[in-house]
Amino acid sequence: MRELNLDRLRTLVTIADLGSFAEAARMLHLAPPTVSLHIADLEAHIGAPLLVRKRGEVRPSGVGELLVERARRLLADADEAMDLVQRQVQGLAGRVRLGASTGAIAHLLPLALEALGKHHPGIDVQVAVLTSQETMSRLANGALDVGLVALPQAATPGVAVLPWRRDPVMAFVPSSWPLPARATPRWLAGQPLILNDDGTSLSRLTSEWFALAGEHPKARIQLNYNDAIKSLVAAGYGATLLPQEASTAAPLDPRIRMLPLQPRLWRPLGIAHRAGPVERATQHVLDVLWQQKQG
């Protein structure tokens, strides 16, 4: 069975509203024979008369009234769908799926999302807490639109990655401890440590930093939630190594001291997105993220 054609339904509704084939043709910018053809095609499809001509006026038949009522809903839904799609094409609305680590979500995304909300309130950013590896995988299979990932990343077909920012890694230590001016691998290795889980980019980065100095310390506890790690540092449970996001202005807990590392260590991040044409809503998200580029 052939599906109902929206153009023919629109012709039927217009005739029912105006009571005239000729007026409907003018309203729809169609030739009169085309309007007649639309109705004949619908009646053949339905198998019953849809319009009745009486005293120079055209009215829907019983079957026609039922179809006109349903057609109004279908046409309204179609118009709404096209409006929503056009708003997304124009970048006025849309959904953007973004993956990032907990640290980036807590400290780097809020400013970008605030700027996006001011200038593009119709764009909905759906955020997923993911490792860089998970983010790259989901970008490759189309489950994400944008990702904040640790660098370097292996080339992934269908995914573009560009350097975004470089933040210094610092030692966060209890302020009650006797502290040096700078934290070296040897000094930190001698302290109780709270580190990120094995397999994360930050864990690999800090392990390499220790290993270059011949140190291989074991963590007292491993976590992936930076705020929880800082709470444990404030309680005197141990020291940690975390990036210092320069764009964050939140005051540090007075029970925590932040020490520069010697030698210095940097955490590079990149912005990843699906290669090829970028939808406008996604481009708006990329634009506000690029405004936070540093280093």
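**Note on the predicted model**

1. Ser61 touches Pro49, Leu50, Leu51 and Val52, not counting residues up to four places away in sequence; contact here means heavy atoms within 4.5 Å. The residue sits in the loop between β2 (57–60) and α4 (62–89). Helices (H or I, at least four residues) and strands (E, at least two) are DSSP runs, numbered from the N terminus. Ser61 counts as buried because its relative accessibility is 12%, where buried is under 20% relative accessible area, exposed over 50% and partly exposed in between (1.4 Å probe, protein chains only).

2. Basis. This is a predicted model, in which local features need pLDDT of at least 70 and side-chain atom pairs count only at pLDDT 80 or more, while totals for chains, interfaces and linings use all residues. Residues are numbered from 1 along each chain as its sequence is written, and side-chain values use heavy atoms, with hydrogens and water left out.

3. Confidence. The average pLDDT (the predictor's confidence in each residue, from 0 to 100) is 90 for the protein, and 95% of the residues score at least 70. Helix α5 (residues 102–107) has the lowest confidence, with a mean of 79, and helix α8 (residues 185–189) the highest, at 97. Where pLDDT is low, the predicted coordinates should not be read in detail.

4. Cores. A nonpolar core is a set of buried Ala, Val, Leu, Ile, Met, Phe, Trp, Tyr and Cys residues joined through side-chain atoms within 4.5 Å. The largest one has 25 residues, and those with the most contacts inside it are Val169, Ala171, Leu188, Trp209, Leu241 and Leu261. Two or more residues each come from β6, β7 (194–195), α9 (201–212), α10 (226–234), β9 (240–243) and β10 (256–260). Strand β6 gives the largest share, five residues. A second, separate core of 21 residues includes Ala104, Val146, Ala281 and Leu286.

5. Leu241. Leaving aside neighbours within four places in sequence, Leu241 is in contact with residues including Val169, Met170, Leu188, Trp209, Phe210 and Leu261.

6. Arg165. This residue belongs to strand β6 (residues 159–174). Arg165 is classed as buried because its relative accessible area is 2%. Its side chain makes a polar contact of 2.8 Å with that of Asp167. Such a contact is a pair of N or O atoms within 3.5 Å; within protein, one must be able to donate a hydrogen and the other to accept it, and residues adjacent in sequence count only if both atoms are side-chain atoms.

7. The largest pocket holds about 500 Å³ of space. On a 1 Å grid over the protein atoms alone, a pocket is an open set of points where a 1.4 Å probe fits, with protein on both sides within 12 Å along at least five of seven lines; lining residues have an atom within 4 Å of a point. Grid points are joined across faces, edges and corners, and the volume is the space filled by probe spheres set on the points. Of the 26 lining residues, Ser101, Leu130, Thr131, Thr200 and Ser201 are the closest to the centre. At least two lining residues each come from α5, α7 (132–140), β5 (146–150), α9 and β11 (266–274).

8. Backbone. Leu151 and Pro152 are joined by a cis peptide bond, omega about 0 degrees, and Pro152 lies in the loop between β5 and β6. The bond from Gln262 to Pro263 is also cis, with omega near 5 degrees.
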